[in-house]
Amino acid sequence: MTTKVGILGATGAVGQRLIQLLEPHPDFEIAALTASADSAGETYRDAAKWRVNSPIPASVADLTVSATDPSEVPDDVSLIFSSLPSSVGEQVEPEFCEAGYVVSSNSSNARMADDVPLVIPEVNGDHVGLLEVQRDERGWDGALLKNPNCSTITMVPTLAALDQFGLESVRVSTLQAVSGAGYSGVTSMEIIDNAIPHIGGEEQKMETETTKLLGTFDGSEVHLHDVDVAASCNRIATLDGHLENVWADTAEDLTPDQAADAMAELPGADLPSSPERMIKVFEEPDRPQPRLDRMLDDGMAVSAGGIRSTTTGIQFNCLAHNTMRGAAGASVLNGELLLAEGYL
């Protein structure tokens, strides 16, 4: 039996990626698509300006797009994937949870709320247990689970691997692809022959979300990690794939070989979309690179390389596909976790 799912914000960039990943998924069946009121009532083929590098799935093309309202989604849908803008998600997602739907959301709203789990299954899958607290406190039959920001999710698995050495402080400078801003987010005149050394809100997300993802769940609350994180986020003219330069200091002395081994040994989760090993470590000093390495393990792996010592710790580069592992794929993976843990 497959689980019927819906997608909120189905016509946007992440919504299209969700369709690409969910249509062939062995456990999920797309049964509902929502978008803005302007698109409601149209077929998905007509409503979406399809930009993914594969055809619109035939099983989805003729589905009728509905308004983003719980009353418009069939009762037999068990799981909702949300790719709404955070300003919309802040209002709409709780309405779906109150109506009994379980929501796996890529939207940034409520990521740091005390009773909302922020999860990368390979790193802190046990935090999903916070949903029990959430349901008790909010009186929901549904539930709300979040995946982190696309730049955060690129870096945190590497830090999780190093935490055994006593992670103390992190400095990161990102080189982020234009797809992270959406189709209309950065014009060609802004980004061609250019780099933009500011992405609104991105640095704060990296600095706060990291502490929650690396924190510990005691059965009733998440205790934030005390690592000090400072981020500088930059937009560059790559299409997909966020590359990040990371400096990490640990309490224990740490060699590049130890860091590489720890990253390479970080296991995947026992879920369909998770790689067997989450991090691919390159020995070459000029890898990873977005064009060459963003699609490792169907875009769900994180890669690292250029690992070297500094006077205070370790420096390295890491990369992930920002709309696959960093957005739609992360939401699908969290949906798989919800199914495996019996929340659907």
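**Charged residues and their partners**

Guide: In this predicted model, a surface patch of negative charge is formed by Asp114, Glu132, Asp136, Glu137, Asp218 and Glu221.

Visitor: How many salt bridges does the structure hold, and which residue forms one with Lys4?

Guide: The number of salt bridges is 9. In one of them the closest N and O atoms are 2.9 Å apart, and the partner of Lys4 is Asp76.

Visitor: How many residues apart in sequence are the parts that Asp76 and Lys4 tie together?

Guide: Lys4 is in strand S1 (residues 3-8), whereas Asp76 lies in the loop between strand S3 (66-67) and strand S4 (79-82). Asp76 counts as partly exposed at 43% relative accessibility, and Lys4 counts as partly exposed at 28%. Given their places, the pair ties together parts whose separation in residues is 72.

Visitor: What is the distance between the closest N and O atoms of Asp240 and Arg17, and which parts does the pair tie together?

Guide: The closest N and O atoms of this salt bridge are 3.9 Å apart. Arg17 lies in helix H1, so the pair ties together parts that are 223 residues apart in sequence. Both Asp240 and Arg17 are buried. The part tied to helix H1 is the loop between strand S10 (228-235) and strand S11 (242-250).

Visitor: Arg138 forms a salt bridge with Asp115; where does Asp115 lie, and is Asp115 buried or exposed?

Guide: The closest N and O atoms of Arg138 and Asp115 are 2.7 Å apart. The pair links distant parts of the chain, 23 residues apart: Arg138 is in helix H6, and Asp115 is in the loop between strand S5 (102-105) and helix H5 (121-124). Arg138 is partly exposed at 34%. With a relative accessible area of 6%, Asp115 is buried.

Visitor: Which backbone nitrogen does the side chain of His25 reach?

Guide: His25 is in the loop between helix H1 (13-22) and strand S2 (28-35). The buried limit is under 20%, so His25 counts as buried at 9% relative accessibility. At 3.0 Å, its side chain reaches the backbone nitrogen of Asp27.

Technical notes:
Residues are numbered from 1 along each chain as its sequence is written. This is a predicted model: local features need pLDDT of at least 70, side-chain atom pairs count only at pLDDT 80 or more; totals for chains, interfaces and linings use all residues. Side-chain values use heavy atoms; hydrogens and water are left out. Patches are made of residues with over 30% relative accessible area and no salt bridge: like charges are joined within 9 Å, nonpolar side chains (Val, Leu, Ile, Met, Phe, Trp, Tyr) within 5 Å. Accessible areas come from the Shrake-Rupley method with a 1.4 Å probe; for residues, only the protein chains shown count as cover. A salt bridge is a side-chain nitrogen of Lys or Arg within 4 Å of a carboxyl oxygen of Asp or Glu. Lys and Arg count as positive and Asp and Glu as negative; His and the chain ends are not counted. The place of a charge is taken as NZ of Lys, CZ of Arg, CG of Asp or CD of Glu. Helices (H or I, at least four residues) and strands (E, at least two) are DSSP runs, numbered from the N terminus. Buried means under 20% relative accessible area, exposed over 50%, partly exposed in between (1.4 Å probe, protein chains only). A polar contact is a pair of N or O atoms within 3.5 Å; within protein, one must be able to donate a hydrogen and the other to accept it, and residues adjacent in sequence count only if both atoms are side-chain atoms.
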